[in-house]
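Hi,

Here's the structure I said I'd pass along. Have a look at it first, then read on for what turned up.

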Amino acid sequence: MQNAVLPAEAPLAIAFMVFVENLVASIFTIVGNVIFTHTLTRQVSVLAPSVSPEAALAAGGGAEAVRALLPPGSSELDGLLLAFSDSVNTVFYLLAALGALSSTAAWGMGWKDIRKKAPAEIGA
């Protein structure tokens, strides 16, 4: 960043970069949480109808807490685990899309060679 802007603009550019990084991280943390919540409530209603979506959300992501929602050997346990798995996968799809988008955007940022140039020989 320091080499892409004038020296007088470097502090402002770095501060703006840190601000945008934190803002985007905050926004997409919330977006990921919303996607996980909606996917889980929808999938639990379909794959494990005896479990309330609110109880599934309250259980969190711990394996013991999720398995405690149903009695051992329940026929719906596989569906409940699949609902949690699908919810996490949906958030990972968002993250993969964001990674691809940021990699594509990085190509448009330009390239500036900052290596030291060897001085030209005198008399050559």
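Before the pockets, one term: a residue counts as lining a pocket if it has an atom within 4 Å of one of the pocket's grid points. Also keep in mind that this is a predicted model.

With that in hand, the largest pocket has a volume of about 340 Å³. Its lining is made up of Met1, Met17, Val20, Glu21, Val24, Ala25, Phe28, Leu98, Leu101, Ser102 and Ala105. H1 and H4 are the elements that give two or more residues to this lining, and H1 provides the largest share, with six residues. Sorted by class, the lining of the largest pocket has nine nonpolar residues, one polar and one charged.

The second largest pocket comes in at about 280 Å³. Around it you'll find Met1, Asn3, Ala4, Met17, Met109, Gly110, Trp111, Lys112, Asp113 and Ile114.

Now for the aromatics. There is one aromatic pair in the structure: Phe36 and Phe84, tilted, with 6.4 Å from centre to centre and 55° between the planes. The pair connects distant parts of the chain, since Phe36 sits in helix H1 (residues 10–47) and Phe84 in helix H4 (residues 77–107), 48 residues apart.

Phe36 has 21% relative accessibility, so it counts as partly exposed.

Cheers

Notes. Residues numbered from 1 in each chain as written. Predicted model: local features only at pLDDT ≥ 70, side-chain atom pairs only at ≥ 80, totals over all residues. Heavy atoms only, no water. Phe/Tyr/Trp six-rings, centres within 6.5 Å; stacked < 30°, edge-to-face > 60°. Helix = DSSP H or I, 4+ residues; strand = E, 2+ residues; numbered from the N terminus. Buried < 20%, exposed > 50% of the residue type's maximum accessible area, 1.4 Å probe, protein only. 1 Å grid on protein atoms, 1.4 Å probe; cavity = no way out; pocket = protein on both sides within 12 Å on 5 of 7 lines; lining within 4 Å. Points joined across faces, edges and corners; volume = space filled by probe spheres on them. Nonpolar A, V, L, I, M, F, W, Y, C, P; charged D, E, K, R; others polar.
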